[in-house]
Amino acid sequence: MTIKGKAFIAGVYEHPTRKAEGIPIAQIHAEVARGALDDAGLTLQDVDAYYCAGDAPGLGGLSIAEYLGIQPRHIDTTETGGSSYIVHVNHAAQAIAAGKCKVALITLAGKPRTGGAQPGRAPLAIQPPDAPFEAPFKPSVLNIYAMCARRHMHEFGTTSEQLAWIKVAASEHAQHNPHAMLKSVVTVEEVVNSPLVADPLHRLDCCIISDGGGALVVVAPEIAAQLKRPKVSVMGAGEAIKHNNGGEIDITYSAGRWSSAKAFEEAGVTPDDIKYVSVYDSFTITVLMQLEDLGFCAKGDGGRFVADGNLISGVGKLPFNTDGGGLCNNHPGNRGGMTKVIEAVRQLRGEAHPAVQVSNCDIALAHGTGGFLGTRHGSATLIMERS
Amino acid sequence: MANTNDAFSADIALEPYWTAARDGRLLFKHCRACDRPHYYPRPLCPFCMSADTDWREASGDGTIYSWSVERRASPPFAIAFVKLAEGPTLMTAIVDADLDNISVDQKVTLKFEERNDTPVPVFTPAS
């Protein structure tokens, strides 16, 4: 069975807040649900499937379904960190293709900026099996991703200046986004001269920390046919995980190598067909490694590929994260997958900001990584088409 | 066993590991069925799921696979992946080192440090 052409992304919504003081996470879930359903031209009564991940408080999908007031006949709370929401689109498309539901709602909300939870430091009720062998050395998202960058530099000669180009491209895009947290354009020099936070990553190699949320509505073809918005169909999707494999490790590549191969095969397209890419950007190194793993360049060539503005819309060959991404715009719940799909849908609809809209954007790709790139993570790839 | 850290002592299968650690020895697991070493140690081999696993002692020699210094911490500290001479790579810390002169492929030597009342394997530049 394939999901190609069997499901459409009919509604998307990105919460405009970046600082949600006094607003509980459940309320943000409800506000983004309403926003995405309004965007699609549907109502809460149309929803028959619900998807959320580890950001949902309490009993997760049960608690938020109750808060929203929905009675889904299909529910999936797969948790693969920030890539969860891209996995959810894949699973929703599979469920729709199998006839299990027709209107799937996917929501994310998080408050790492004002809610107290620090990135990668969520309290764990039950200690994971790796904890006695890792926790004493104080791993953090920052130093784990930094070790990926260090190894990549060692094996392939990647430089801090090349990594900096990724932040530069994100900032070029963010200047046009009125909701972006960081709207100032930065230079390569400013990135590499910002303080080292975890060698070899500098402060400006890092994403922002923001409150917020987002939602998607995935529908069956017969529902999409009744709606007025531009149609975006699911062409293919893939998911994979990667971990430390009993101590036989190679942190120079991600599970994106495997998730993208499945997605491209299902979609029947190649990286050359992709006009726009949304790719998770917790740090500059995250983008570089994923672009290699997605097949936009050979492993090890990422540094040369991203340099000289190649990721800037209207300038380079592969426009990326035209909303400013997690590096400059928004990173709700320290999770990137949701906003990656939202901006890709804007591009396919021709509704991105005119200054960053990719001309004739007919096929786009959204890719996420969740968890920790250098220890254990989930990757998810989604290829979409304007139809 | 007299481990004061409940979180680390609640796993009976790991008792030989922590006992050796208190003697300054690092154990890893080896599978008799598929002849592959692994770390962190598990009773069931993560490569073939055989329960026929035994403990092996690391020589203490290793090389740095990757590293980072968390500069904002007070004091700054170095985290690393170190590849043991015997094969497996483990997460650890680089200690007693000039934090501005750590490098990939650098040779390092095992020692133990107490963290949370538990002896854990860390590495120092080989002399």
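# Notebook: chains A and B

**Entry 1. Chain B.** I began with the order of elements in chain B, which from the N terminus runs α-α-β-β-β-β-β-β-β-β. That comes to 2 helices and 8 strands. A reminder to myself before going on: this is a predicted model. I then checked the radius of gyration of chain B, and it is 15 Å. The globule rule gives 14 Å for 127 residues, which is close, so chain B is as compact as a globular protein of that length. Along its principal axes, the C-alpha trace of chain B spans about 45 × 30 × 25 Å. I also looked up burial, and 37% of the 127 residues of chain B count as buried. For contacts in chain B between residues at least 6 apart in sequence, I found that 42% join residues at least 24 apart.

**Entry 2. Chain A.** The C-alpha trace of chain A spans about 55 × 50 × 40 Å along its principal axes. Buried residues make up 60% of the 387 residues of chain A. Among contacts in chain A between residues at least 6 apart in sequence, 78% join residues at least 24 apart.

**Entry 3. Domains of chain A.** How is chain A divided into domains? The assignment gives domain 1 as 8-119 + 211-233 and domain 2 as 131-210 + 235-386. I noted that each domain is written as two segments. The C-alpha centres of domain 1 and domain 2 of chain A lie 23 Å apart. Across the boundary, 31 residues of domain 1 of chain A are in contact with 38 residues of domain 2 of chain A. I then listed the elements that give two or more residues to the domain 1 side: β1 (8-14), α3 (84-97), β4, β7 (212-219) and β8 (232-242) of chain A. The largest share of that side comes from α3(A), with 7 residues. By residue class, the domain 1 side divides into 15 nonpolar, 11 polar and 5 charged.

**Entry 4. Where chain A meets chain B.** Next I turned to the contact between the chains. It takes 24 residues from chain A and 28 residues from chain B. On the side of chain A that touches chain B, the elements giving two or more residues are α4 (131-134), α5 (141-156) and β5 (196-198) of chain A. Which of the elements gives the most to this side? It is α5(A), with 7 residues. The chain A side divides into 13 nonpolar, 5 polar and 6 charged residues.

**Entry 5. Helix α2 of chain A.** I picked out α2(A), residues 61-68, and asked for its buried residues. They are A:Ile64, A:Ala65 and A:Leu68. Viewed down the axis of α2(A), these buried residues fall within an arc of 105°, so they line one face of the helix. I followed that up by looking for their partners: the buried residues of α2(A) pack against α1 (25-40), β2 (49-51) and β4 (103-110) of chain A. Just after α2(A), A:Gly69 takes a positive phi of about 85°.

**Entry 6. Helix α13 of chain A.** I checked the length of α13(A), residues 337-349. At 1.5 Å a residue, its 13 residues should span 18 Å, and the end C-alpha atoms are 19 Å apart, which agrees. Is α13(A) mostly covered or mostly exposed? It is mostly covered, with 12 of its 13 residues buried. The buried residues of α13(A) include A:Gly337, A:Met338, A:Val341, A:Ile342 and A:Leu348. Just after α13(A), A:Gly350 takes a positive phi of about 75°.

**Entry 7. A:Gly115.** A:Gly115 sits in the loop between β4 and α4 of chain A. With 15 C-beta neighbours inside 10 Å, A:Gly115 counts as partly exposed.

Conventions: Residues are numbered from 1 along each chain as its sequence is written. Chains are lettered from A and ligands numbered from 1 in the order in which they are written. This is a predicted model: local features need pLDDT of at least 70, side-chain atom pairs count only at pLDDT 80 or more; totals for chains, interfaces and linings use all residues. Two residues are in contact if their C-beta atoms, placed from the backbone, lie within 7 Å. Helices (H or I, at least four residues) and strands (E, at least two) are DSSP runs, numbered from the N terminus. Ala, Val, Leu, Ile, Met, Phe, Trp, Tyr, Cys and Pro count as nonpolar, Asp, Glu, Lys and Arg as charged, and the others, Gly among them, as polar. A residue is buried if 20 or more other C-beta atoms lie within 10 Å of its own, exposed if 12 or fewer, and partly exposed in between; C-beta atoms are placed from the backbone. The arc is that of the directions from the helix axis to the C-beta atoms. Domain bounds come from an automatic or database domain assignment. The expected span of a helix is 1.5 Å times one less than its number of residues. The radius of gyration is taken over C-alpha atoms; the globule rule is 2.2 Å times the number of residues to the power 0.38.
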